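The sequence and structure come first.

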Amino acid sequence: LIRSCRRTSGFLTSWSPRTFPMGARSVFTCRQTRKCVEMSDSSSQEELKRSEAKWVLGYWAIRGLGQPIRLVLEAGGFDYDEKRYVQGPAPEFDKSTWLNEKEDLGFDFPNLPYLIDRSGSSELRLTQTRVILEHLASKVSLTGTTQVERLRIGQVWEASMDMRRPYNVACYSPNFEDIRVDLVEKTLPSHLRRFSQYLGEEQWFGKGAAPSWVDFVMFDLLDQFLSLDSRLVNGYKNLADFHARVGGLPSILNYRERESFIDRPFHNRRAKFGGLS
């Protein structure tokens with residue numbers, strides 16, 4: 001069993017890293033018993049229906065694109081449950097825990113991550129990472145306060161994806177060790193240099209008085225880069241300070257102390273860096 005991964009404390013009020021055992025089944029965070037339950041495929045939809053949480057996040061049992069969403073859920077104090085899908089081992093890398101129910105969950109564009117919002121008078125089911133992040137952020141004032149700030153936030157999101165793509169391609173490459181030096185010494189620094197210049201002496205990437213959802217996106221990427229090679233972040237003092245600032249928020253400190261926090265894996269089993277063993 002995987003231990004509790006639910007919280008309900010207030011906005012930004014809440015680090016020992018945790019990992020958890022991986023099987024070939026999906027797992028669901030059971031809010032009532034405060035533990036994650038491993039389920040058979042036939043039981044997963046029933047468990048989803050029985051969840052009493054107002055919000056349900058579905059994603060692979062990795063950090064990936066799900067981690068910034070988890071961080072926003074934590075920082076915002078959302079009452080949420082989480083369903084984590086586990087990819088099978090080599091050589092098949094079976095994804096049936098997700099594929100078997102992908103078309104049956106009521107999403108217009110089925111994908112991972114997904115979010116189920118039961119906070120209003122009618123249920124809302126969303127996919128696509130940015131849409132989910134912006135929707136959650138709109139509920140807890142993490143969207144920026146001006147149009148200019150919101151444009152900056154969107155710009156940083158797009159630029160972060162431009163940086164994430166070559167990183168992910170390299171991590172999943174069978175030749176990762178051959179291209180690692182180029183990734184660490186050329187590709188990622190070319191992006192990080194621009195982020196450092198852009199951030200300057202500001203505290204947050206929206207350049208406003210408070211953090212926004214994109215700060216959690218950047219935090220998680222920098223956190224992964226520290227594991228790849230600490231020089232990537234520590235070579236830029238303002239980025240290192242930003243990482244420490246977000247990581248020092250009480251809600252994030254609290255989350256990283258809980259067993260439900262995913263320290264590793266960053267990626268699914270096929271990855272040569274940061275993947276499931």
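## Aromatic pairs

Rings of Phe, Tyr and Trp, the last taken by its six-membered ring, count as a pair if their centres lie within 6.5 Å; planes over 60 degrees apart make the pair edge-to-face. The structure is a predicted model. A search of the whole structure gives 14 aromatic pairs. One of the pairs joins Tyr85 and Trp98, with 5.4 Å from centre to centre and 70 degrees between the planes, an edge-to-face arrangement. Tyr85 belongs to strand 5 (residues 80-85) and Trp98 to helix 3 (residues 96-99), and the pair links these distant parts of the chain, 13 residues apart.

Are the two partners buried or exposed? Tyr85 has a relative accessibility of 0% and so counts as buried. Trp98 is also buried, because its relative accessible area is 4%, and the cut-off for buried is under 20%.

## Tyr85 and Tyr114

Tyr85 also pairs with Tyr114: the ring centres are 6.3 Å apart and the planes stand at 70 degrees, so this pair is edge-to-face. Tyr85 is in strand 5 and Tyr114 is in strand 6 (residues 114-117), so the pair ties together parts that are 29 residues apart in sequence. The relative accessible area of Tyr114 is 0%, and Tyr114 is therefore buried.

Which residues do ring pairs link into a cluster with Tyr85 and Tyr114? The cluster consists of Trp60, Tyr85, Trp98, Phe107 and Tyr114.

## Charges over rings

Phe107, a member of the cluster, has the charged end of Arg125 over its ring, 5.8 Å from the ring centre. Another such placement involves Arg245, whose charged end sits over the ring of Trp204 at 5.8 Å from its centre.

## Surroundings of Thr127

Thr127 is located in strand 7 (residues 124-127). Its relative accessibility is 9%, so Thr127 counts as buried. A polar atom of the Thr127 side chain lies 2.7 Å from the backbone oxygen of Phe109.

What does Thr127 contact, leaving aside neighbours within four places in sequence? The contacts are Phe107, Phe109, Pro110, Asn111, Pro113, Tyr114 and Ile132. Among them, Phe107 and Tyr114 are also members of the ring cluster. Phe109, the residue whose backbone oxygen lies 2.7 Å from the Thr127 side chain, is in the contact list as well.

Technical notes:
Residues are numbered from 1 along each chain as its sequence is written. This is a predicted model: local features need pLDDT of at least 70, side-chain atom pairs count only at pLDDT 80 or more; totals for chains, interfaces and linings use all residues. Side-chain values use heavy atoms; hydrogens and water are left out. Helices (H or I, at least four residues) and strands (E, at least two) are DSSP runs, numbered from the N terminus. Buried means under 20% relative accessible area, exposed over 50%, partly exposed in between (1.4 Å probe, protein chains only). A polar contact is a pair of N or O atoms within 3.5 Å; within protein, one must be able to donate a hydrogen and the other to accept it, and residues adjacent in sequence count only if both atoms are side-chain atoms. Contact means heavy atoms within 4.5 Å. Rings of Phe, Tyr and Trp (its six-membered ring) pair if their centres lie within 6.5 Å; planes under 30 degrees apart count as stacked, over 60 as edge-to-face and the rest as tilted. A charge sits over a ring if NZ of Lys or CZ of Arg is within 6 Å of the ring centre and within 35 degrees of the ring normal.
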